[in-house]
Amino acid sequence: MSSQDHPVSSFKDKIKSSWPYTLAVAIIGFISLWVKTLPSNTVFLSNGSVRFATNDAWYHMRTLFVLLENYPHRMFFNPMTNYPNGSYIHFGPLFDQMMAIISLILGMGHPSSHLVDTVGAYFPAVLGALTVIPVYYIGKYLGGHKTGILAAILIAFAPGQFLTRSMIGFTDHHVAESLFSTLFMMFFMLALISAKERKLRFEDVFNKKFSVLKEPFIYSVLAGVMYSAYQLCWPGGSLFLLIVLVYAIFQYILDNFRNESSDYLGFTGVVTCLVSTILILPFVHPDMGFSMYYYSWFHVITSLGTMAGFAALSLIEREFKIRKINAYYYPLLILGAGILGLIITKIASPSLYSLIINAPSTVFGIQQGGPSTIGEATSIFYQNGAFTLYKAFSNFTTTGFLASILGMFVLAANLFRRPKPHELLVLVWSLFILLAIYGQNRFAYYYSINVSILSAYLGGLLLEKVKWDDLDQKFKSNVKSPSDVPGALKLVKIQQIFAVLFILIFLIYPVYGSAMLYSNTIKSTGSNEPNEPWMEACVWLRSNTPDPGMNYNAIYEAPKNGEMFQYPDTAYGVMSWWDYGHYIETIGHRMPNANPFQAGVGGRRVSINETNQPGAATFFTAPSEKEASAVLKAIDPRPDKMGARYVMSDAKMATDIFGAMPAWTLDTDGYYQAYWTGSQYQNIPSTRYFNSMEARLHIFDGNGLKQYRMVHETEAYQTDEVGYKQVYNYFYGGKLPEVDTGYVKVFEYVKGANITGTASPNESVKINTTILTNQGRTFEYSQSTTADSQGRYEFTVPYSTGQIAGQTQFNTAPSGPYVLSYGDTTKEVKVSEEAVLKGEEIKV
């Protein structure tokens, strides 16, 4: 008799398998950990510092250090980003708390910075390796030990996003989401199996039959704990409540048609949701209302609502049986009750109703406009608007992805033969996550769990067809010592050999090969997040710009009643594209205007008729310096304040990712135009692009701008910058040097010195100087104007010939004085830093 026939025989058997399988899972976990830590040389640098893999990883380390500095209090509101508004932190607290506790224990209460960095770097790899445990048990109870072991192997080496997000240095909550959501499904499954096997009834609760209730209750409580842990790693954890509720609806319907009691399901669901409600309550921020992005009443309502759903479904089912109502009316009643519930919710709380209605499209729908430019938020099945399976195959391997689809078909077919609650649960779970990756490919690290389980399920069925269990029993009977092994090998049948080879070649090898290839690639090439220029630029920013007057590791109270945070007069923002906000904050210790939470991006979200909100998108796409400066002023409405003092641009912003900027404004036409090369059309930048503020800053080095000056640039990298300059020179008569310049450039916004004088009426006047950068590169800065009818002219220039202590210690500046020329007259003009910063007038 296989383990599928009696999946649960005792409490001990539910917790762990016999020692050979436990040992096998442990070995698989350790090998998985080894694979995930192979690129340690790219994380721990020779100078003792640690380079984390993503901008969110850097931000998690930021919140971790603040937590340790103020333990046990955690930062909820962060004024050091999204200047001048600050950002509420939507990251769950559990991920950081676990790292903090480990650091405190290992550091005996006083962990060093290097120890904390080390814990943070290894933490995702450890969590990823631990995921083999719940995957094994789910596989085991789905198809026996062989399925469990195969599932553990597949998830241990799962390629794609699950591997990348569980690699050393990828210190983000994603792998914790995978671990705890899988543990939740495991315990929920065990609770269902245990309760159904014991024929649990609600009467057992009232009659206090603890022998029946004990195991289902324990597993249900553990399911609630793991769901809460999952949700405390990611506020969007309500997705899994939706999954179990939809599963429950189908299970209730099936049970009702088969005239079976669903009390086991109701008991499990009510206890699980009650525990999760209790555990999430202390973390709710009432001022967040019903937000699904921050811990709010939404998370309490969804838990209570799901619990009420289980209770109502059980009550209706019991009434159907008592009154002997036709089972066909049961799904109709559920549908009517759901519609009525939505109507009541819309009347009682329109905001909650809107959130419930729009939540599915947020997760399962394909993003439009600016959000469609977020790499992880794009559909896994579309590339540049065309349907493709390439991304799916690269994340799960071709055979793995196809096996998962086939596995769902097999589970669906089982519903018509011998339906089991845990099989339907896995089917609904897998279908929902498949829909999720259709909307956003980031959920691929969830679906890797499902792919591993479903592929192992098919592999287990194949082994079952070739009577692998019989072979296993024969080996146990005939092998008493190592000398018996050669004789026992004669018991192996040819179809069993082919089955094993099939599993090795088509399921295990592609997964293992992809994992090793990726790990070794990272080990040899290193992680480029952030790259050296951004590291250097942010370190320079921290050391050479004025202190903004904020306590970097302090915990600040959030402003109340929609008021703005009260910054000191010395505070200022740093404008850059949102991708780089966390680097500016965590490495540069300065306040970015925009960050990877997509805060401060500005633009439009729904319609071109909306107001174009001030932010990074509107600043960098502004068609003139005047309009760009107006955006900065609009960001900070306080008198005599600008939204940013510094602007950081890199070559990718000017070339590869520039298209994302107008996408956020919903005004993308005209930045590029088709050009016939003789064999094909090629998109080249147009006049509108070259007039944008981003092009003026990075391609033209800010030449001719009145209030923006370059103060630093990093080493040049080979990028598409040269190609853009060639287009400008060839099509628009430019004379730009066709070379790559600083990969990251830092500009400062200043009032500018006003140079005034007189010449002949209506005469052309020019001012110029040569700028020498810290990289030894020179470029020409110039402006020209025409004197008015009285011969008066005026220039506003941003560069000075000196520095002031306490202000920007720039290393890019004029190599000499300005040269003013008109007619046959040439004059030299020296401009002090005071004049530039205060907007003073210099008369010539």
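Biologist: In which hand does α13 pass α20 in this predicted model?

Modeller: The crossing of α13 with α20 is right-handed. In this predicted model, helix α13 covers residues 238–257 and helix α20 covers residues 421–439.

Biologist: Which residues of α13 meet α20?

Modeller: Among them are Leu 239, Phe 240, Ile 243, Tyr 247 and Gln 251 in α13, and their partners in α20 include Pro 421, Leu 425, Trp 429 and Phe 432.

Biologist: Why is Gly 120 called buried?

Modeller: Buried means under 20% relative accessible area. Gly 120 has a relative accessible area of 0%, so Gly 120 is buried. Gly 120 lies in helix α6, residues 113–130. Leaving aside residues up to four places away in sequence, Gly 120 touches Phe 52, Met 61, Met 99 and Thr 171.

Biologist: How do you know that α14 is mostly covered?

Modeller: Of the 18 residues in α14, 14 are buried, the cut-off being under 20% relative accessible area. Helix α14 spans residues 263–280 and reaches 26 Å from its first C-alpha to its last, close to the 26 Å expected at 1.5 Å a residue.

Terms used. Residues numbered from 1 in each chain as written. Predicted model: local features only at pLDDT ≥ 70, side-chain atom pairs only at ≥ 80, totals over all residues. Heavy atoms only, no water. Helix = DSSP H or I, 4+ residues; strand = E, 2+ residues; numbered from the N terminus. Expected span 1.5 Å × (residues − 1). Buried < 20%, exposed > 50% of the residue type's maximum accessible area, 1.4 Å probe, protein only. Axes fitted to C-alpha atoms, helices over the stretch in contact; angles between N-to-C directions. Left-handed = near helix turned anticlockwise from the far one by under 90°. Contact = heavy atoms within 4.5 Å.
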